Amino acid sequence: MCTWYFVLGTLYTNKKMYDVIVIGSGPGGYVAAIRAAQLGMKTALVEKYSTLGGTCLNVGCIPSKALLDSSEHYHNAAHTFATHGIDLKGLKVNLPQMIARKDEVVTQNVDGIQFLMKKNKVDVHHGLGSFVDAHTVKVTKADGSATDIQGKNIIIATGSKPASLPFITIDKKRIITSTEALKMKEIPKHLIVIGGGVIGMELGSVYGRLGAKVSVVEYMDSIIPTMDKSLGKELQKSLKKIGFEFYLKHKVTGVENLGKEVVVKAENAKGETVEIKGDYVLVSIGRKAYTDGLNAAAAGVKLTERGQIEVNDHLQTAVPHIYAIGDVVKGAMLAHKAEEEGVFVAETIAGQKPHINYLLIPGVVYTWPEVAAVGYTEEQLKEQGRAYKVGKFPFLASGRARASMDTDGMVKVLADASTDEILGVHMIGPRTADMIAEAVVAMEFRASAEDIARMSHAHPTYTEVFKEACLAATDNRALHI
Ligand code: FAD
Ligand code: NAD
């Protein structure tokens, strides 16, 4: 429908008309709504659940980090406090309280989004959003009642759901996804994790630290396989120390719930079948774009073969005034990537010319030690045939890390062999999730390794490890090793 038809149409109906309708209130959707409202556009946000914030706030980033923090406190109390000179008696886990605190953190965060919508005068419509045509979205509430709203522009931000394998039935009791793993009623005795990616390592860590045996079955030859290979190797060493065991290069062929026990069958590299028995199986083999009930075809929006919404470089779908962002489109499934795209689309609609540097979207795994990276991996540089230098520095040589007893890990800096420009930074160690921001800034300003090496870093801090790795990359000039 062309725009004047659209305006005329809305004059003769009682439908609410918006400059922008956003479908989905995750980090992509709610951020897009805020930015659109900031830019003076009348904005609506449609969310099928009763709380805002999407996967990230309700069953993703926030609750997982809350449990990671709690379990880390317990693990430290049980294993490192005595060395620090703190003796504890009668230490035990109160799992219901741990889960209740996590729920409270989620509530605070989702309520915060509700507040932000009010503050920015974004109309929130609770109900399933489905396209009637290219400008009309039907919002169907849980009680079955429906209202149509109209938008000059529409942003699809419907996110993703856990992926599974055809032969696995997620019964949500013993064969679970991340969503159930965030509200366990008991600590597993033996948790089998299928998929050695981010969710598997983070949620495996939660229960590993609380005392569960954790077995990871991973198809590839390393854990967190999309990151620089050195990070997976280091992380594997650290996780073994808290009782993880790894079945790498194993292809899962069967998963069965036998009541009180689960059995996972996997084929190893030699073609032999391995059987692992535990009491819970976490299926964490990735996530898939979610478009159920959206009726995208009614608007002329096309999907890719993988079920994602097809978009061009401006994040426009096949219908130019309909955009899509976040997990439902190509690219990394990360909250901060979705947020950047939300801002990008709102500004594009407002006539601005925004830009996203996808290479510099950092990736973080919130295990302990934390893993964080930005830019090219060493494997990618080899594949590109680009000449590069490597500078590495271990946390073991850092005074700050020794003081806190967090000496696992290292920082690796990859720099161009002739210009010294930093091309990639790969960190594993204490607080690297926060440290990676310095590398992002450096790379955004196209800093050389020597630029960073010549900047003062407070002593003693973990950030000195990044500076030392840059010194090592410059001319093998690290000072403290
Ligand atoms: P989502 O957050 O999935 O939101 C989509 C929303 O759309 C949902 O609320 C859904 O109900 C709604 N919706 C869907 N269809 C409709 C419809 N038809 N009508 C109305 N509403 C609809 N990323 C990080 O960057 N850092 C982390 O630490 C991190 N931890 C994670 C931990 C776990 C356990 C999981 C599962 C994910 C984690 N992620 C993390 C990934 C992150 O949650 C996602 O990348 C992010 O939520 C994607 O945002 P989004 O806005 O695209 O979609
Ligand atoms: P993932 O893509 O990180 O890891 C999936 C793993 O499963 C991979 O290592 C893959 O090789 C393996 N795998 C796939 N099929 C398999 C099979 N048949 N048998 C054995 N292994 C198999 O996916 P995830 O951990 O499920 O996480 C989903 C998404 O959520 C990710 O894209 C991630 O970015 C996002 N997430 C991010 C964070 C974070 O930023 N800290 C935390 C959690 C989730």
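In what order do the five strands of the open sheet stand? In this predicted model, the order is 18-19-22-21-20, with antiparallel pairing. Strand 18 (363–365) and strand 20 (388–394) stand at the edges with a single partner strand each, so one side of each has no neighbour in the sheet. On average, neighbouring strands are turned by 10° against each other, direction ignored.

Let's look inside the sheet. Strand 19 (residues 370–375) and strand 22 (residues 422–429) run antiparallel and are joined by six bridges. Ala372 stands opposite Met427 in strand 22. Two helices deserve a look here too. Helix 9 (residues 229–241) packs on the sheet and touches strand 19, strand 21 (410–416) and strand 22; the direction of helix 9 makes about 5° with that of strand 22. Helix 15 (residues 463–475) lies across strand 20, strand 21 and strand 22, and runs at about 140° to strand 20.

Now to the ligand. Ligand 1 is surrounded by 38 residues, and the closest are Glu47, Thr55, Lys65, Gly129 and Ala335. The shell divides into 16 nonpolar, 17 polar and five charged residues. Helix 3 gives the largest share of the shell, four residues, while helix 2 (27–38), strand 2 (43–47) and helix 10 (335–349) are among the elements that supply at least two residues each.

| Protein atom | Ligand 1 atom | Distance |
|---|---|---|
| Glu47, polar side-chain atom | oxygen | 2.6 Å |
| Lys48, backbone N or O atom | nitrogen | 3.2 Å |
| Leu334, backbone N or O atom | oxygen | 3.2 Å |

Taken alone, ligand 1 exposes 1000 Å², and the protein buries 95% of that.

How values were computed:
Residues are numbered from 1 along each chain as its sequence is written. Chains are lettered from A and ligands numbered from 1 in the order in which they are written. This is a predicted model: local features need pLDDT of at least 70, side-chain atom pairs count only at pLDDT 80 or more; totals for chains, interfaces and linings use all residues. Side-chain values use heavy atoms; hydrogens and water are left out. Two strands pair if DSSP finds at least two bridges between them. Axes are lines fitted to C-alpha atoms, for helices over the stretch in contact, and angles run from 0 to 180 degrees between N-to-C directions. Contact means heavy atoms within 4.5 Å. A residue is near a molecule or strand if one of its heavy atoms lies within 4 Å of it. A polar contact is a pair of N or O atoms within 3.5 Å; within protein, one must be able to donate a hydrogen and the other to accept it, and residues adjacent in sequence count only if both atoms are side-chain atoms. Accessible areas come from the Shrake-Rupley method with a 1.4 Å probe; for residues, only the protein chains shown count as cover. Ala, Val, Leu, Ile, Met, Phe, Trp, Tyr, Cys and Pro count as nonpolar, Asp, Glu, Lys and Arg as charged, and the others, Gly among them, as polar.
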